Amino acid sequence: MYTQLADWHGPGPWILLIPLVWIAVVVLVIAVLRRTVWRRHGCGYGARAGFGPGSGAGAVAEHPLAVLGRRYAEGDIDAEEYRAKRAVLSEPPRGDPVGGGAK
């Protein structure tokens with residue numbers, strides 16, 4: 001007696017596409033959440049997540065030299081004041097050796 005099960009050779013290699021489709025769906029959901037919901041709520045690492053300096057109210061701490069450069073570029077301070085303040089910010093803290101390394 002002839003049955004249809006005798007002609008069935010299994011699902012074939014296309015069955016491997018099903019896990020790939022699910023992986024693509026998960027990656028797509030994570031990408032959409034990162035771009036929308038998680039970014040609005042400040043989820044992340046460092047100061048944005050509340051673990052670093054300047055982490056209050058979602059603020060990211062800006063380096064003092066960057067602030068100084070921005071103020072100079074905007075014309076808030078002149079070249080002399082910029083150079084003087086940059087020299088103060090660039091000098092090593094007192095009490096530290098000039099080399100900066102421990103012996």
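A salt bridge here is a side-chain nitrogen of Lys or Arg within 4 Å of a carboxyl oxygen of Asp or Glu. The model is a predicted one, and by that rule it holds 3 salt bridges. Here's how they are laid out.

**Around Arg70**
- Arg70 pairs with Glu62 in a salt bridge, with 3.8 Å between the closest N and O atoms.
- Arg70 also meets Glu74 in a salt bridge, this one at 4.0 Å from N to O.
- Glu74 and Arg70 are both part of helix α3, which covers residues 64-74. They sit 4 residues apart there, or about one turn of the helix.

**In helix α4**
- Glu81 and Lys85 form a salt bridge, with an N to O distance of 2.9 Å.
- Helix α4 spans residues 79-90, and Glu81 and Lys85 are 4 residues apart within it, so about one helical turn separates them.
- Glu81 has a relative accessible area of 30%, so it counts as partly exposed.
- Lys85 lands in the partly exposed class as well, with 32% relative accessibility.

**How the bridges link up**
- Glu62, Arg70 and Glu74 belong to one network, joined by salt bridges that share partners.
- Which residue pairs with both Glu62 and Glu74? That's Arg70, bridged to Glu62 and to Glu74.
- As background, side chains of opposite charge can pair when their charged atoms come close.

Methods:
Residues are numbered from 1 along each chain as its sequence is written. This is a predicted model: local features need pLDDT of at least 70, side-chain atom pairs count only at pLDDT 80 or more; totals for chains, interfaces and linings use all residues. Side-chain values use heavy atoms; hydrogens and water are left out. Helices (H or I, at least four residues) and strands (E, at least two) are DSSP runs, numbered from the N terminus. Buried means under 20% relative accessible area, exposed over 50%, partly exposed in between (1.4 Å probe, protein chains only).
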